[in-house]
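Colleague: I'd like to go through this model with you before I use it in a figure. Let's start with how the elements are named, and then take the parts one by one.

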Amino acid sequence: MAAASSSSCGGAGCGARCSSSTSSSVEDAPEGILGRLSISGAAASCGKCGGGAVVVVAGGVGLCGECLRAQLFGKFKLAVTSNAMVRPTDSVLVAFSGGPASRVALQFIHEMRSKAIESWDASNSEALPVFNVGVAFVDESVLLSKPECEVEQATEDIKSIVSSLLPGDNAMHIASLDDVFSPESKDGEGRLRELVGMITDDTGREDLLQCLRMLSLQKIALENGYTKIMLGSCASTIACHVLSATVKGQGYSLPADIQYVDTRWEVPVVLPLRDCLAQELSLLCEFDSLKTQQLLDRPCSGINGLVASFVARLREENPSREHTIVRTAQKLKPFPFNKFSANGYHDFLPSRLRPKFQDVDSDESAFSEVLCLICRSPFSESELQNVESTRHTSQKKIDLYTAYCCQSCHFQILPGGRDLYDHFFSLLPRFWTERVDTASASHSSLRDQIEDYLLEDDDDGN
């Protein structure tokens, strides 16, 4: 399954499976693909290599299976290299859901690592190490009403997929979603169910689960020494998020979620599939016979479900609209944490890529954003003012926790009555609330030091 090789496409990336004559026809396509493809007789040859078997992705450019693969791998590799997502010394944790996007991300990063190992073995100096890859699967079956036998079979399928690429017990990490409450709680499952049950809004419930899922990935990465987390978020997923965030009033923090790089987390997060469409990734999985497992997926609900249905209709009319939505959102100014610091990265970059590297200005290098306690969204000016006011006037810790929640979380996630806040915050993972306690203590210490300095200055003046 070569990522790129020269053939009749003139070096465009087609390999041995590329159709070089019109003898390959629609019958060559794997069973199940034809129901979702538009095979046009007017476009009888591949738009890149001139081959015969053409896949028209939702009425788009005609490509054979191998050229489609080469195009997607090229986008993935360009995103990884041009944004310095992975260094030779990194350990990369791939977040694997079992769906087509994360399956392709796992396949492509595995191939990049295999090629790096080959180059390392062939090198006389063997000067640079080769990055490591692990896989994390967050099991949310405790909240799904599915038979235990089906859940077990789905989990075994996921283990089989990963072991076919990354043999060894250390490469696969499976964590139940309620593990985010350990070791502080003996009944993590009960605590998770109670927390989710306190949220009456379907959208808020789904958004909280997304936050807990990221916390679980961070926990796995920190406990096992990973330095990057790779998500399979593609252009279609990001387009849905752009519209959902707009509807929820998250316009200020939106740029933070849609960049290639996100370092606001303890373990930085990267999105190498940001320029690939979900339909293209699904087609690639079928053409390359990449096994997927989506039994344990949770369907979207609330605002997220409505937006997903709307984007699906747009995709049927014109698949390029998903790219248009993402490109429009990209015009928003990213945050300083949406790029890596240059320190330590230039040493591993090829000289031709160093001029393109997103360097960080010295005045932006220090991370200074105040983030939401739950969703980690950066605060707007009005939210910052509310935090500062609460810091000075609040006598209760619960008021500080509330102030550290963004407006969207206030509306979608927090319980309806303030009398429920105490119990709600007591159910949250302690990692979240401790972060606010630390920030508050640090701020109070700094404020006391400033006040002491001003008093000493006044005494000297007298």
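Modeller: The helices are DSSP runs of H or I with at least four residues, the strands are E runs of at least two, and both are numbered from the N terminus. Please keep in mind that this is a predicted model.

Colleague: Understood. Which residue just after α8 takes a positive phi?

Modeller: Just after α8, that residue is Ser289, with a positive phi of about 55 degrees. Ser289 sits in the loop between α8 (278-287) and α9.

Colleague: Is Ser289 buried or exposed?

Modeller: Ser289 has a relative accessibility of 64%, so it counts as exposed. Within α8 itself, the buried residues are Gln279, Glu280, Leu281, Leu283, Leu284 and Cys285.

Colleague: What is the phi of Arg376?

Modeller: Arg376, which is not a glycine, has a positive phi of about 65 degrees. Arg376 belongs to the loop between α10 and α11, and because its relative accessibility is 9%, it counts as buried.

Colleague: What about Ser380, where is that found?

Modeller: Ser380 is also placed in the loop between α10 and α11 (381-393). With 14% relative accessibility, Ser380 counts as buried, and its C-alpha atom is separated by 9.6 Å from that of Glu369, a residue 11 positions apart from it along the chain.

Colleague: Changing topic to peptide bonds: which two residues does a cis peptide bond join?

Modeller: A cis peptide bond, with omega about 0 degrees, links Ser182 to Pro183, and Pro183 lies in the loop between β5 and α4 (188-197). For context, most peptide bonds are trans.

Colleague: That takes us to β5. What is the order of the strands in the sheet?

Modeller: The open sheet has 6 strands in the order β5-β4-β3-β6-β8-β7, and its pairing is mixed. The edge strands, each pairing on one side only, are β5 and β7 (261-262).

Colleague: How many of the residues of β5 are buried?

Modeller: In β5 (residues 172-176), 4 of the 5 residues are buried, so the strand is largely enclosed by the rest of the structure. A helix is involved on the sheet as well: α3 (residues 148-165) packs on it, touching β4 and β5, and the direction of α3 makes about 155 degrees with that of β5.

Colleague: How many bridges join β4 to β5?

Modeller: There are 5 bridges between β4 (residues 132-139) and β5, and the two strands run parallel. Among the bridge partners in β5, His173 goes with Ala136 and Ser176 goes with Asp139.

Colleague: On to helix packing, then. How do the axes of α6 and α9 cross?

Modeller: The axes of α6 (residues 235-247) and α9 (residues 302-317) come within 9 Å and cross at roughly 130 degrees. The crossing of α6 past α9 is right-handed.

Colleague: Which residues meet there?

Modeller: From α6, Ser236, Cys240, Leu243, Ser244 and Val247 meet Ile303, Asn304, Val307, Ala308, Phe310, Val311 and Arg315 of α9. By class, the residues of this contact divide into 8 nonpolar, 3 polar and 1 charged.

Colleague: And what about α9 with α10, how do those axes cross?

Modeller: The axes of α9 and α10 (residues 320-329) come within 7 Å, crossing at roughly 120 degrees, and the two helices are therefore oblique to each other. The contact is made by Val311, Leu314, Arg315 and Glu317 of α9 together with Arg321, Glu322 and Ile325 of α10, and its residues divide into 3 nonpolar, no polar and 4 charged.

Colleague: Last one: where is Phe411 found, and is it buried or exposed?

Modeller: Phe411 is in helix α13 (residues 407-412), and since its relative accessibility is 66%, it counts as exposed. Phe411 and Lys248 are 163 residues apart in sequence, while their C-alpha atoms are 8.9 Å apart in space.

How values were computed: Residues are numbered from 1 along each chain as its sequence is written. This is a predicted model: local features need pLDDT of at least 70, side-chain atom pairs count only at pLDDT 80 or more; totals for chains, interfaces and linings use all residues. Side-chain values use heavy atoms; hydrogens and water are left out. Axes are lines fitted to C-alpha atoms, for helices over the stretch in contact, and angles run from 0 to 180 degrees between N-to-C directions. A crossing is left-handed if the near helix is turned anticlockwise from the far one by less than a right angle, and right-handed if clockwise. Contact means heavy atoms within 4.5 Å. Ala, Val, Leu, Ile, Met, Phe, Trp, Tyr, Cys and Pro count as nonpolar, Asp, Glu, Lys and Arg as charged, and the others, Gly among them, as polar. Buried means under 20% relative accessible area, exposed over 50%, partly exposed in between (1.4 Å probe, protein chains only). Two strands pair if DSSP finds at least two bridges between them. Angles under 35 degrees count as roughly parallel, over 145 as roughly antiparallel, 65 to 115 as roughly perpendicular and the rest as oblique.
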